[in-house]
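Try each one before you read its solution.

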Amino acid sequence: MREESISRILERIYDETGIVLSRATDRSRIGRYIDNGGIIPQPYDPLPETLIHLVTTNETYFEREPYHFNFLMEEILPKLDCNGDTADPIRILCAPASSGEECYTIALRIEESPNKFRRRIEIVGIDISSEMIERAQRGFFSERSVHALDKKRLERYFVHERDGYKIGELNSVRVRFQVGNLFDPLMWENLGRFDVIFSRNVMIYFDHKKNRELLERFKAHMDGYLILGHADDHLQAREVFTSIRAEKGMIYRT
Ligand SMILES: C[S@@+](CC[C@H](N)C(=O)[O-])C[C@H]1O[C@@H](n2cnc3c(N)ncnc32)[C@H](O)[C@@H]1O
């Protein structure tokens with residue numbers, strides 16, 4: 001009975017979130033969750049947040065893989081700003097955003113850019129973990145999260161509060177966060193279309209089939225540039241998108 005419940009939970013996690021949990025340690029992790037009284041979701045119940053928390057890795061920090069932000073600022077945004085209609089905002093999606101550091105890295109780069117953009121810029125961050133999205137919405141970050149920011153940037157854009165840093169108001173860019181599952185078609189319908197999608201360090205948790213599904217979904221909801229983390233599925237991205245050589249590695253275009 002217990003083994004059956006573990007298998008059913010693992011299947012549902014894979015089907016709904018894409019996360020592959022195939023090792024013996026994954027089974028024992030779910031087993032411990034059941035033994036400790038964790039809710040076993042019925043077929044039509046959503047996956048409990050504690051389960052989502054158990055199976056996701058939320059590691060992130062400001063200025064992670066910074067060459068992507070250089071490329072965004074130097075190549076992508078100037079082009080989009082020149083070519084698009086001033087009435088339409090440039091829309092950037094971070095999917096997944098975890099606790100918000102990637103979105104705010106982009107926002108800070110834009111805020112401090114000497115380049116004044118004609119078009120408004122909107123950044124949307126989504127993540128399956130409501131705990132991470134609540135953190136992102138609070139805009140409060142640990143010492144570890146901000147370790148790659150120099151003192152000048154910390155003093156200028158953050159307020160130091162006891163054990164961390166609270167980000168202040170930004171003038172040139174709007175950032176918003178929402179809970180969302182990358183494999184939920186309804187979420188994509190509601191999000192609308194994007195000019196740039198950052199999807200870094202999540203495909204490593206999915207398999208070939210789910211990565212293909214995700215890349216096709218990105219393509220259907222964007223007209224512009226896709227940026228993946230260095231360990232994500234570049235082989236399939238090359239098949240679905242046009243590749244562009246950047247400072248380090250590849251960026252993709254619809
Ligand atoms: C390692 S973090 C990456 C964060 C950020 N993109 C970065 O590179 O720093 C991976 C995030 O993916 C989220 N995640 C995993 N599966 C997801 C799914 N199906 N839909 C949305 N978010 C998901 C996790 O909750 C976690 O916060």
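**Exercise 1.** At roughly what angle do the axes of helix H1 (residues 2–17) and helix H2 (residues 24–35) cross?

*Solution.* A word on the model before we start: it's predicted, so local features need pLDDT of at least 70 and side-chain atom pairs count only at pLDDT 80 or more, while totals for chains, interfaces and linings use all residues. Residues are numbered from 1 along each chain as its sequence is written.

Step 1: the axes of H1 and H2 come within 10 Å and cross at roughly 115°. (Axes are lines fitted to C-alpha atoms, for helices over the stretch in contact, with angles running from 0 to 180 degrees between N-to-C directions; helices are DSSP runs of H or I, at least four residues, numbered from the N terminus.)

Step 2: H1 and H2 are therefore roughly perpendicular, a label for angles of 65 to 115 degrees.

Step 3: the contact (C-beta atoms, placed from the backbone, within 7 Å) uses Arg-2, Ser-5, Ile-6, Ile-9 and Leu-10 of H1, and Asp-26, Arg-27, Ile-30, Gly-31 and Ile-34 of H2.

**Exercise 2.** How many of the 11 residues of helix H5 (residues 101–111) are buried?

*Solution.* Step 1: buried takes 20 or more other C-beta atoms within 10 Å of the residue's own, with C-beta atoms placed from the backbone.

Step 1: nine residues of H5 pass, so H5 is largely enclosed by the rest of the structure. Among them are Cys-103, Tyr-104 and Leu-108.

**Exercise 3.** Which domains does the domain assignment give, and how far apart are their centres?

*Solution.* Step 1: the assignment, automatic or from a database, gives domain 1 (2–55) and domain 2 (67–253).

Step 1: their centres, taken over C-alpha atoms, are 29 Å apart.

Step 2: eight residues from domain 1 meet 11 residues from domain 2.

Notes
Helix = DSSP H or I, 4+ residues; strand = E, 2+ residues; numbered from the N terminus. Parallel < 35°, antiparallel > 145°, perpendicular 65-115°, else oblique. Contact = placed C-beta atoms within 7 Å. Buried ≥ 20, exposed ≤ 12 C-beta atoms within 10 Å, placed from the backbone.
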